[in-house]
Amino acid sequence: MIRVLVVDDEALVRSGLRMILEAAGDISVIGEARDGAEAVSAVGRLRPEVVLMDVRMPVMDGLTAAGRILLDPQAPKVVMLTTFDVDEYVHTALRLGAVGFLLKDTPPRELAAAVRTVADGQAMLSPSVTKRVIAQYADRAPSRAEAARRQLDGLTGREGDVIRALARGLSNAEIGRELRLTEATVKAHVSRVLAKLGLANRVQAAILVHDADLR
């Protein structure tokens, strides 16, 4: 069972998420929290594998909570819950190490699939939305773009191909088909690229590519 903590200041939203996730059969909602402060405490107490956390909450917002939770080397996967067009803070959350975000109107089947994907160590669950968010909120100031390009300069040609495909939201299997590589080889390339760049996950790699404007 995948252990999930649901964090939202609205009881109705928490109940709806719990009902959807537990209906999947392989997901267990082990706790709920009404704000970021409760979430930080609950993570330490319950040790969930995945945290679904609203961005905007009283007492402590989701962004602050995510930053504190993700300081722990054994931190769970954090996915932000948001309303697109409103939460510009999502981009910052991704930089902190959150693995992605979900829109609150995500269909039930996609929600459960997203939790499985994240728990399995994969990247953002909705590539099309990921690209829109990164494109809308990425700060592409000249100094940031230049710094990002310098960071990417150390990659080999093949590693560059892989990270650019990753930034387009492609899965390992899709990257493999495009570059004519096995999925295992792509996975090895991705792991090596993340280690070489000092990044925590595929989302941060995608943001780096967008910052460098090398898509």
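**A salt bridge on a helix**

Start by selecting Arg150, which is exposed, with a relative accessible area of 51%; buried means under 20% relative accessible area, exposed over 50%, and partly exposed in between, using a 1.4 Å probe and protein chains only. Arg150 and Glu146 sit four residues apart in helix H7 (residues 142-152), so about one helical turn separates them. Helices (H or I, at least four residues) and strands (E, at least two) are DSSP runs, numbered from the N terminus.

A word on what you are looking at: this is a predicted model, where local features need pLDDT of at least 70, side-chain atom pairs count only at pLDDT 80 or more, and totals for chains, interfaces and linings use all residues. Residues are numbered from 1 along each chain as its sequence is written, and side-chain values use heavy atoms, with hydrogens and water left out.

**Zoom out**

Colour by secondary structure and you get eleven helices and five strands. Of the 215 residues in the chain, 47% are buried. The structure holds 15 salt bridges. For a networked set, select Arg14, Arg18, Glu22 and Glu32, which salt bridges link together.

**Lys104 and its two partners**

Next, pick Lys104, which is partly exposed, with a relative accessible area of 38%. What does Lys104 form a salt bridge with, at 3.1 Å between the closest N and O atoms? One partner is Asp8. That pair links distant parts of the chain, with Lys104 in the loop between S5 and H5 and Asp8 in the loop between S1 and H1, 96 residues apart. Asp8 is buried, with a relative accessible area of 0%.

Then show Asp54, whose side chain meets that of Lys104 in a salt bridge of 3.3 Å, N to O. Here Lys104 reaches a residue in strand S3, 50 residues apart in the chain. Asp54 is buried too, at 5%.

**Down helix H5**

Follow the chain on to helix H5 (residues 108-119). Its twelve residues should span 16 Å at 1.5 Å a residue, and the end C-alpha atoms are 17 Å apart, which agrees; the expected span is 1.5 Å times one less than the number of residues. Highlight the buried residues of H5: Leu111, Ala112, Ala114, Val115 and Val118. They cover an arc of only 155° around the axis, which puts them on the same side of H5; the arc is that of the directions from the helix axis to the C-beta atoms. Just after H5, check Gly121, where phi is positive at about 90°.

Jump to H10, where the buried residues are Val186, His189, Val190, Val193, Leu194 and Leu197. Their arc is only 130° around the axis, which puts them on the same side of H10. On the other side of H10, Ala184, Lys187 and Ala195 are exposed.

Last stop: Asn201, in the loop between helix H10 (183-197) and helix H11 (202-212). Is Asn201 buried or exposed? At 10% relative accessibility, Asn201 counts as buried. Leaving out residues up to four places away in sequence, Asn201 touches Gly97, Ala98, Val99 and Leu194, where contact means heavy atoms within 4.5 Å.

Definitions and conventions: Salt bridge = Lys/Arg side-chain N within 4 Å of Asp/Glu carboxyl O.
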